[in-house]
Amino acid sequence: MARQTSHQVAPAAPQKSKPRDPVASGTRDAAVNRAAGHNYFLLDKFEAGVALHGTEVKSIREGSANLKDAYGIIKDGEAFLLNAHIGPYSHGSSANHESLRTRKLLLHQEEIRKLLSKTQQKGFTLIPTRLYFRNGRVKCELAVAKGKQDWDKRETERRREADKEARAAIARNRGK
């Protein structure tokens, strides 16, 4: 004869999965070069893949990438990213990556030709503006840039302040 128990077993509650990191899911940038907009006129922008080691990708997901002093070059028909700092992976072993190594940028030949023709003009260079994830792959946004002089920076700041004051005046008038 079957034995009866006095307690009931509750149905298993659905497991709530932990929300994915915004950097890893691609909803937030992994690294942004904020100084680029201040120091350069950013003209054309290109999206390039980056050839990375596994520990570099994990480190970027942790948020330890810095593009402040980075720049791009085109050499022998290939594009490279120089001085981009990707810190060592926190759980890495002795096989961890070098933080300032030269990384290859993955672009189509037609894009490389366009970039080469634009950067051969005097005063133009390639500046990485941000690193981000798209479909699980690290992408780098490159901008063809022309350096700003000090007076250009002051003029940009004046224009930004004037726009800010105009928006504030409009907001005050709407409130009345």
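A charge is said to sit over a ring if NZ of Lys or CZ of Arg is within 6 Å of the ring centre and within 35 degrees of the ring normal. The model is predicted, so local features need pLDDT of at least 70 and side-chain atom pairs count only at pLDDT 80 or more, while totals for chains, interfaces and linings use all residues. Residues are numbered from 1 along each chain as its sequence is written, and side-chain values use heavy atoms, with hydrogens and water left out.

Q: Why is Lys146 said to sit over the ring of Phe124?
A: The charged end of Lys146 is 5.2 Å from the centre of the Phe124 ring and sits over that ring, and the distance limit is 6 Å.

Q: What places Arg130 over the face of Tyr132?
A: Arg130 lies over that face at 4.0 Å from the ring centre, where the rule asks for a distance within 6 Å.

Q: Why is Glu56 called buried?
A: Buried means under 20% relative accessible area, exposed over 50% and partly exposed in between (1.4 Å probe, protein chains only); Glu56 has 0% relative accessibility, and therefore counts as buried.

Q: Why is Glu157 called partly exposed?
A: Its relative accessible area is 34%, so Glu157 is partly exposed, as this value falls between the limits of 20% and 50%.

Q: What makes the pairing of Glu157 with Arg160 a polar contact?
A: A polar contact is a pair of N or O atoms within 3.5 Å; within protein, one must be able to donate a hydrogen and the other to accept it, and residues adjacent in sequence count only if both atoms are side-chain atoms. The side chains of Glu157 and Arg160 make such a contact at 3.0 Å.
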